[in-house]
Amino acid sequence: MTDFCRAAPIPQRPPPKFSRPFRAVLRENFFADWTSAAITFAVFAFLALALPPLWRFFIEDAVWRAPDGALCRAPGAGACWAFIAAKGPFFLYGAYPPDQRWRVDIAFGLAAALIFWLLAPGARKGRAALGLFVVLPPVGFALLSGAPALGLPRVETTLWGGAMVTLLVALTGIVVALPGGALLALGRRSGLPALRFFCAAVIEFARGAPLIAVLFMANAMLPLFLPADWAPDRLLRPLFGVALFASAYMAEVVRAGLNAVPPGQSEAAPALGFGRIATLRFVVLPQAFAAVIPAIVNNFVALFKDTTLVAIVGIFDFLHTVDAARLDPRWAGPKIAATAYVFAGLFYLAFCLSMSAYARGVERRLSASRPPRL
Amino acid sequence: MSRAVRRFAIQAGLALALGLLFAFAFINARENLRALGIPTSFAFLHDVAGFSINQSLISYSPLSTYGRALIVGLLNTVLVSVLSGIFATLIGFAAGFARLSRNLALSRLAAAYVGIVRNLPLLLQILFCYAIVLAPLPGPAESYHFAGFVLNNRGFFTPALSYPHFWPAIDWPLFDPALNRFNVVGGWRLSPEACALILALSLYTGAYIAEIVRAGVQSVARGQSEAAAAMGLSAAQARRLVIRPQAMRVILPPLISQYLAMTKNSSLAAFVGFADLMQVSGTILNQTGAALQVMALVMALYLALSLATLAVTRLYERRLRWGGRT
Amino acid sequence: MNPRRPLNLIRFFPALFAILLGLCAGREAGADTLDATRARGFVVCGVNIGLAGFGLPDDRGVWRGFDIDACRAVAAAIFDDPDKVQYIPLSSKDRFTALQSGEVDLLSHNTTWTESREVGQGLLFTAINFYDGQGFLIRKSLGISSALKLGGASVCVQQGTTNELNLADFFRAHGLKMEPVVFATADEAIRAYDSGRCDAFSTDASGLYAERLKLAHPDENVVLKETISKEPFSPAVRQGDDRWFNLVKWTQFALVDAEELGVTSQNVEEMKKSPNPEIRRLLGQEGDYGAGLGLTPDWAARIIKAVGNYGEIFETNLGKDSSLKIPRGLNASWRDGGLLYAPPVR
C-alpha cells in the first residue's frame, strides 16, 4: 500500500551555486552606472588622500621608544607611542599602590570569568548569575578597598584611577541595573497604584535629566540628605548616580521585553499550577529577557561610553587619566594630544565593538529561531 | 485576609516606608543646611552674578542677576541643540541613504563612519574636536575669510544685522588692529567651544540617525516600491509618495528620542568650557552654595526642554498621520 | 498579570540598601572634630587636585607642597606624626561642599578668604598663611607691560574661583572689554592658553609661576608685574567647632612665631633650653598653652620639629629651594617689611 512512498528521505542537496564572474560583481557594486562610477572614484580618491598621512603619522614616523618627550617633540615625528608605554600602568591602575595591584587583577579577572560564564551558550546560568550579582560585589569590594581583617591593607578610593575605575563604574552599572531595572519595570506594571507611581517617578526622573546632572546631584546632594556623620565616599556617590541612571534605562528595556511576552503565557502558567513567583521566574522573565538581550547589551555599550562622564565630579576614569597625563611637562608636546586620544579611542572601540558584535550575534540567533514576522 | 485588605496594607506599608525615607532625608537636609548656613530660598536669583559669560544670545554683563545668567545658559543650550539637531539630521539622512546605496564603496564608507562614531564615548569626541580639529586654527590676524565669514581660533564669525540709525545694516566681522589688536570686531560670533560641541554632537547624533533612517527605509516592504513602479510612478515619485510617508512613520519616534538624548548630551559643554545651562548652574552653585535650589531648577529646565522638543516634533508627527494607520 | 507579584521581589530592596549603606564609610564628623580625628587616627585634609608648590603628588605619589605642610603641621600637633593625614584632592568647584558635608576636617586648598564664603557658606577661615594677588601670564611677543593694555583680549581663567570674578571686576572698572574663557580646571585653562585660544591666562600670581612650568615654551611667556586683587589664602574649617578652629588657627600662628623667634626644625631641641621666655612659652617649657586646644604643652615644638617654621615651609615649597622661585614679598615677616604677624603664645 505504501509502495509509492519513498522509504528513506532524499539526501539534502547543497544550495544551487550562485556564482558570477568577478567582473560582473565589480560592475554591479561599484560601476553600475555613471553616477555610481563617479561615487566610487570619489570615495577611493578620498581614501587615497586620507590614509597615507594617517599611516605615516601613526606607524611610520611614530616614536615607539623614548625615555621622555624630547624625541616626540622633534619636528617630523609622528605619534608618540613611547608616552603610552611609559604611562601604561598609570592608565590601567591610576595611583593604586604598585605592590597591591594584583588585587585589582584578581577582582576584574573574577568578574570577566563570571561574565563569560553567564554569556557562554548552554551553561548553567543560575550559579553564574548568583556569582555575578551576589558574590562578586562584596568580594570585589573587599579586594579593591581592602579588608584589614584578612590581611589586605586598605587602599583609599582617592588612589583609584584609570581603566580599573572605568571598568568598576561599568560593572557597578551592569550588576545593579539588571536586577534594579527588572524590579522597576515590574513595579511599573504592578496593579498597586502607589508602587506603580513610585517606580514611574524614579524612571522618568532619571531619564529626564542628563547623566551629568544626575552625577552632579549625587555628588552635591547625597551628603545633604544623609546624616552629617555618614559622608559617603567620593567614588561611591557617582557610582550611586550611575546605578540609578542605568537602572532607569534598563527598566524601559525590560518593560519592552515584558510587553513582548504574550499575555496567554502568564495566564496559562497559573492554570498549570504555577505560583506567582514561579510564573515570573520560569515563564515570564526568561521570555522577556531573551527577547531583549540585544537591547540590553546595546544599553551596556551606552553605559560603558557614559562612564567617561564621572570625570565631571573629579573621578579619574580611563579617559580622564589619559587626558590628565598628556599635560605632564616631561612628555607634553604637540603630538601628545592626538596620540592620547587615539589610544583612548582604541580602548573604548575594543570594548564597545565586541559588545556590539555579541549583541548582533544574539540578534541573528534570535531572529533565526523565531518565525518571520509578516 | 481578603485580597483588597492585603492590597491596601501593602500599599500603605510602601507609602509609609517611602514617607519615612523622605522624612529622614528631609530632616537630615534641614539639619545639614542649618548647620552649614546654606540659603534655602530662591532669593539669590535676584543677586548680582559678578561673573562674565563669553557667549550670550541676550545682553548680559557681570552686573546682571543670577536669574539672567541662568537664562543665558538655557538659551545657549537651546542654541547648541537646535544647530546640532539641524546638522545631525542632514548628516544622519545622508549617511543613512549612503548605507543603503547599491554602491559598495559608499555604503561601506558610511558603515565605517556609523560603526566607529557609535562605539566611541561622546566626551572623547568632543575633546578630540576641541583639541585636534580646532587647535590648529590660526590667530585673529591670520583668519580664514570667505564670503564675509571669518574663522580663527577665537571662533566662527558671521555677518550680523545691526541697526545703527534705525536702518538695518550688515555688520561685517573684520580684524582691525586699530580697533582691537586681539580679536575680530563686529558680526555675530560662535565661540570655538560651541563649534567643537556642535561638531561633535552633530557627528555623534548623525551616526544614530543614520541607523534609524536605514531601518526605517528597510521597514517599507519591497512590494510597495514594486507596486508603485507597476502603477507607472517614476522612481522619484515612488520615493516621494510611497516610500517616504511610510518610512517617516517608522523613523519619527526613534528620531524624536535621539533629539531628546542630544539635548541632554549637550550638557557635556561643561568639559570644554562652553557656558551652557549645566556650566552656568555649576558656577552659580559654587558661588551661592544653594545646591538644592540650583539642582532643582536645572532638572526642571531640562525636563521643560525635553517637553518642548516633544511638542515641536508632535506637530510634525500629526502632519504625517493623515489617513489610517499610526 | 497578578498585581501583587512584584512585592515579593521588593523584599530584596532592603538587602540592596544595606549593601549600599555598608559601603558608606562611617566617618564621624560630628560636633567635635578633634575627638573624631583622634578616634580615626588621621586628619582628613582637602587639598588642590594638583598645583605645583601648593599641593601635588610627586613621582612616588607622595603629596608635597605648601598647603600639604599646613595639613602635616596639624597632624604633627595632634599625633606627633606629620604623615597621619589623608589627602582628598578637591576641585575648586566642590571644595566647599566637601568641607560642609564633613568629608574633610580641614580645607587647605589655596583658598581666598572672602566675606561671602565665610558668612554665606558656613565656613570659618582660620588665619592667612599666604598673601597673594591675581595676575596675568602673557606671551612675550605681545610686547605688553600692563594689564590695562589687554582691552578686547581673550583671557583663560578657572571656573568657580575668585579669579573669575576679579577678572570681570577689573575690566569693568576700567571700562575695557574682555572675553573670558572659563574652564573647570586650571590644567584645561593653561592648555587652552598654550594652544593660542587666549591672549592671557589669569590666576593668583603664585599659581602663574607654577602653571607656567606646564607650557611648551615657558620662557616665551611672562608674568605681568601688576596684580589686580587681594587674594589672602587661608585654611578653612566648619563653623560650630571652636576648639578645632583654634587648633588649626594656632598651628599657623605657631609656625609664624617660630620663624620670628628663630626656632627652626634643626634647632628646636636646643631652643627648648633658651632663656627667652617667649621661646620657652612657645615650646611648652613654661606654662601649658596646649590644654585649651586639647593638646599637650609641647604641641608647637612637635609641629616645628616635624615640618619646620613658616620660612622653611615657604622656601622649600615655593621659594628659592623650589622650582617656582617666588620671592617672599608680602609673605615676609613684619620685621622684614612683609605682612606676616602672628599673635604671641602666652
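Reader: What radius of gyration does chain A have, and what would a compact globule of 374 residues have?
Author: Chain A has 27 Å, whereas a compact globule of 374 residues would have a radius of gyration near 21 Å (taken over C-alpha atoms, with a globule rule of 2.2 Å times the number of residues to the power 0.38). This is a predicted model, in which local features need pLDDT of at least 70, side-chain atom pairs count only at pLDDT 80 or more, and totals for chains, interfaces and linings use all residues. Residues are numbered from 1 along each chain as its sequence is written, with chains lettered from A and ligands numbered from 1 in the order in which they are written.

Reader: What does the C-alpha trace of chain A span?
Author: About 90 × 70 × 40 Å along its principal axes.

Reader: And how many helices and strands are there in chain A?
Author: Chain A has 15 helices and 0 strands (DSSP runs of H or I, at least four residues, or of E, at least two, numbered from the N terminus).

Reader: How many residues of chain B are in contact with chain A?
Author: In chain B, 43 residues contact 42 residues of chain A (C-beta atoms, placed from the backbone, within 7 Å).

Reader: Which element of chain B gives the most to that side?
Author: α1(B), with 12 residues. Among the elements giving two or more residues are also α3 (104-118) and α9 (291-320) of chain B.

Reader: Turning to chain C, what is the strand order of its open sheet?
Author: The order of the 5 strands is β10-β9-β11-β8-β12, with mixed pairing (strands pair if DSSP finds at least two bridges between them). The edge strands are β10 (179-183) and β12 (221-223) of chain C.

Reader: In which sense do β9(C) and β10(C) pair?
Author: Parallel, over 5 bridges; Val155(C) stands opposite Pro180(C) in β10(C).

Methods: Two residues are in contact if their C-beta atoms, placed from the backbone, lie within 7 Å.
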